[in-house]
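Please open the structure in the viewer and follow the selections below in order. Each stop names what to select and then describes what is found there.

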Amino acid sequence: MELSNRQEKIIEIVKHNGPITGEHIAERLNLTRATLRPDLAILTMAGFLDARPRVGYFYTGKTGSELLTEKIKKYKVQEYHSVPIVVQESASVYDAISTMFLEDVGTLSIIDENSCLTGVVSRKDLLRAAIGNQDLSALPVHIIMTRMPNITVCRKEDFIIDVAKQLINKQIDGLPVVKDTPNGLEVIGRITKTTITKVFVELITDNQI
Ligand code: ADP
């Protein structure tokens, strides 16, 4: 977050004189309390200042990068995941390839008749099958998929930063987002490297920290 000149000055005043009321900060800057209100609101919301009723403003002592780190750590899967793209395990490899093109995704979740996750198929899995000289319409996708229990999944209450670490550690492009049901794991979404890139861009363009 870029702080304006005035916001930097406010922080300095509060740092050295806190707790200090909005009124007194305004006096020191030769401004009215009303002019200052938006700046104080931004600085409090962003976490630089703490406001206590009838006492005044305190400096929290947190730097911009500390506040940014705190913010990133709070991002959850539920706010960012995309819709799930699934294929039945009985479908052919040919159908899986068609779905991948139609849906414009790089990884498919494979499900059983109860809509529960049984595996995952990536671009390379399909390429491997395609160079194998087989009839792709007769080859069920469950033969070539990476199967449960070896699938790394996440849940909507998980943190984005933990998903990002999993993507790096496991060297994969995405994770299915699942919900626990009596029949198994229902696929409710997906998080991919594109999702993480979007979060990154949002952080940079979001000036509210
Ligand atoms: P690509 O095949 O394009 O390199 P990935 O790196 O995502 O895509 O996949 C590499 C391998 O990991 C594939 O065999 C795929 O089936 C498997 N895979 C992909 N996602 C997962 C996951 N969430 N859990 C376990 N294995 C996965």
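In this tour, residues meet, or are in contact, when their heavy atoms lie within 4.5 Å. The model shown is predicted.

Begin by selecting helix α1 (residues 5–17) together with helix α3 (residues 33–45). Their axes are 10 Å apart and the helices pack at an angle of about 75°, which makes α1 roughly perpendicular to α3. On the α1 side, display Arg-6, Gln-7, Ile-10 and Ile-11; these meet Thr-35, Leu-36, Asp-39, Leu-40, Ile-42 and Leu-43 of α3. Six residues of this contact are nonpolar, two are polar and two are charged.

Remain here and select Arg-6 and Asp-39, whose side chains form a salt bridge with an N to O distance of 3.0 Å. Arg-6 belongs to α1 and Asp-39 to α3, so the pair ties together parts 33 residues apart in sequence. Arg-6 is partly exposed, at 31% relative accessibility, whereas Asp-39 is buried, at 9%.

The whole structure contains eight salt bridges. For another, select Arg-123 and Asp-173, where the closest N and O atoms are 3.6 Å apart. Arg-123 is in helix α7 (residues 123–130), while Asp-173 is in the loop between α9 (160–170) and β7 (174–181).

Finally, select Asp-112, in the loop between β4 (107–111) and β5 (117–122). Is Asp-112 buried or exposed? Asp-112 is buried, yet has no salt bridge; Arg-147, the nearest side chain of opposite charge, is 11 Å away. Leaving aside residues up to four places away in sequence, Asp-112 touches Gln-88, Glu-89 and Thr-118.

Notes
Residues are numbered from 1 along each chain as its sequence is written. This is a predicted model: local features need pLDDT of at least 70, side-chain atom pairs count only at pLDDT 80 or more; totals for chains, interfaces and linings use all residues. Side-chain values use heavy atoms; hydrogens and water are left out. Helices (H or I, at least four residues) and strands (E, at least two) are DSSP runs, numbered from the N terminus. Buried means under 20% relative accessible area, exposed over 50%, partly exposed in between (1.4 Å probe, protein chains only). Lys and Arg count as positive and Asp and Glu as negative; His and the chain ends are not counted. A salt bridge is a side-chain nitrogen of Lys or Arg within 4 Å of a carboxyl oxygen of Asp or Glu. Axes are lines fitted to C-alpha atoms, for helices over the stretch in contact, and angles run from 0 to 180 degrees between N-to-C directions. Angles under 35 degrees count as roughly parallel, over 145 as roughly antiparallel, 65 to 115 as roughly perpendicular and the rest as oblique. Ala, Val, Leu, Ile, Met, Phe, Trp, Tyr, Cys and Pro count as nonpolar, Asp, Glu, Lys and Arg as charged, and the others, Gly among them, as polar.
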